[in-house]
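Me: I would like to learn how to read a model feature by feature. Please take me through this one.

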Amino acid sequence: MRRVPVVLVVEDEPAIAELISVNLKHSGFRPVWAMDAATAQAELDSAVPDVVLLDWMLPGESGLTLAKRWRAHPRTKSVPIIMLTARGDEVDRVAGLDAGADDYIAKPFSTKELLARIRAVLRRRAPEQDAGAVKVGDLTLDTSTYRVTFAEEALKLGPTEFKLLHYLMTHAERVQSRAQLLDKVWGDHVYIEERTVDVHVKRLREAMGAAGAMVDTVRGAGYRLTLQTAPQKQAAV
Ligand code: CA
């Protein structure tokens with residue numbers, strides 16, 4: 001049986017917390033309500049939830065302070081955080097994202113949209129959570145040790161290239177458009193140009209050496225990782 005994802009709702013207004021909780025329950029999540037920063041911290045100390053919905057304006061510490069602290073802590077640094085707030089302007093959006101929030105939703109919001117955003121962060125985080133090795137041909141990537149090898153030789157990749165390769169490997173042989181890669185690897189709240197993908201693909205190929213040939217450009221469509229263009233291992237003499 002699938003485990004019910006736990007959503008920690010950090011919100012000081014009971015009416016909003018109640019509305020969110022009811023909708024979460026109906027959609028197959030288990031909401032846990034924390035009405036202030038201290039309670040939220042205590043909840044997080046006892047169990048790391050699957051997602052945190054974090055109100056900005058809270059009694060005591062602000063949501064922004066909490067997000068920053070949780071991001072800095074190894075135990076909670078990868079928990080998805082969606083900031084929830086009445087502050088809608090750009091400066092605050094940027095501050096929220098800078099503090100480490102995965103997404104941002106301004107009040108008043110539709111519960112439908114909120115649920116869609118929760119599902120989106122869960123989908124994006126999912127590949128990181130199943131730690132372990134992914135193998136495509138002679139190429140191996142291990143998310144628990146952050147090691148990438150080709151034919152037993154270690155490759156040195158930057159963090160974005162690592163994420164990019166992980167995504168391509170877990171979706172091997174399938175063409176991914178630049179927009180898809182931006183969404184899955186960078187996250188769709190990031191306003192960057194599709195050209196950025198090309199830059200990182202180029203870096204990835206360079207870092208992969210001979211194995212870089214496995215990252216195939218599909219003209220007019222995007223990229224894919226494929227065994228069809230994989231270099232042959234040198235035969236032993
Ligand atoms: Ca509030």
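Me: In which loop is Tyr 146 found?
Reply: Tyr 146 is found in the loop between strand S7 (139-142) and strand S8 (147-150). Keep in mind that this is a predicted model.

Me: What is phi of Tyr 146 near?
Reply: Start with the general idea. Most residues other than glycine have a negative phi, and most peptide bonds are trans. Phi of Tyr 146 is near 60 degrees, a positive value in a residue other than glycine.

Me: Is Tyr 146 buried or exposed?
Reply: Exposed means over 50% relative accessible area. Tyr 146 has 58%, so Tyr 146 counts as exposed.

Me: Which value of phi does Glu 173 have?
Reply: Glu 173 is not a glycine, yet its phi is positive, about 70 degrees. The residue is found in the loop between H6 and helix H7 (178-186). With a relative accessibility of 34%, Glu 173 counts as partly exposed.

Me: Which residues does a cis peptide bond join?
Reply: Again, the general idea comes before the case. Most peptide bonds are trans. Here a cis peptide bond joins Lys 107 and Pro 108, with omega about -5 degrees. Pro 108 has its place in the loop between S5 and helix H5 (111-129).

Me: How do I read the packing of two helices?
Reply: Two packed helices are described by the angle between their axes and the distance between the axes. Take helix H6 (residues 159-170) and helix H8 (residues 195-208). Their axes come within 9 Å and cross at roughly 90 degrees. That makes H6 roughly perpendicular to H8.

Me: Which residues in H6 meet residues in H8?
Reply: From H6 come Thr 160, Glu 161, Leu 164, Leu 165 and Leu 168. They meet His 200, Val 201, Arg 203, Leu 204 and Met 208 in H8. By class, this contact of H6 with H8 has six nonpolar, two polar and two charged residues.

Me: At what angle do the axes of H7 and H8 cross?
Reply: The crossing is at roughly 75 degrees, and the axes come within 9 Å. An angle of 65 to 115 degrees counts as roughly perpendicular. H7 and H8 are therefore roughly perpendicular to each other.

Me: Which residues in H7 meet H8?
Reply: They are Arg 178, Leu 181, Leu 182 and Trp 186. Their partners in H8 are Thr 196, Val 197, Asp 198 and His 200. The residues of this contact of H7 with H8 divide into four nonpolar, two polar and two charged. His 200 of H8 is listed in the contact with H6, and His 200 is listed in the contact with H7.

Me: Now the side chains. Is Asp 50 buried or exposed?
Reply: Buried means under 20% relative accessible area. Asp 50 has 13%, so Asp 50 is buried. The residue is found in the loop between helix H2 (37-46) and strand S3 (51-55).

Me: What does the side chain of Asp 50 reach?
Reply: The side chain of Asp 50 reaches the backbone nitrogen of Val 6 at 2.7 Å. Leaving out residues up to four places away in sequence, Asp 50 touches Arg 3, Val 4, Pro 5, Val 6, Val 79, Pro 80 and Leu 122.

Me: With which side chain does Asp 102 make a polar contact?
Reply: The partner is the side chain of Arg 71, at 2.8 Å. Asp 102 lies in the loop between helix H4 (90-98) and strand S5 (103-106). Asp 102 has a relative accessible area of 9% and is buried.

Me: Is His 26 buried or exposed?
Reply: His 26 is exposed, at a relative accessible area of 69%. The residue lies in helix H1 (residues 14-26). His 26 and Val 9 are 17 residues apart along the chain, and 15 Å separate their C-alpha atoms.

Me: Finally, the whole chain. How many helices and strands does the protein chain have?
Reply: Eight helices and eleven strands. The domain assignment gives domain 1 (6-124) and domain 2 (133-225). The centres of domain 1 and domain 2 are 30 Å apart, taken over C-alpha atoms.

Me: Which box do the C-alpha atoms fill?
Reply: The box is roughly 70 × 35 × 30 Å along the principal axes. Of the 237 residues in the protein chain, 45% are buried.

Key: Residues numbered from 1 in each chain as written. Predicted model: local features only at pLDDT ≥ 70, side-chain atom pairs only at ≥ 80, totals over all residues. Heavy atoms only, no water. Domains from an automatic or database assignment. Axes fitted to C-alpha atoms, helices over the stretch in contact; angles between N-to-C directions. Helix = DSSP H or I, 4+ residues; strand = E, 2+ residues; numbered from the N terminus. Parallel < 35°, antiparallel > 145°, perpendicular 65-115°, else oblique. Contact = heavy atoms within 4.5 Å. Nonpolar A, V, L, I, M, F, W, Y, C, P; charged D, E, K, R; others polar. Buried < 20%, exposed > 50% of the residue type's maximum accessible area, 1.4 Å probe, protein only. Polar contact = N/O pair within 3.5 Å; in protein donor to acceptor, adjacent residues only side chain to side chain.
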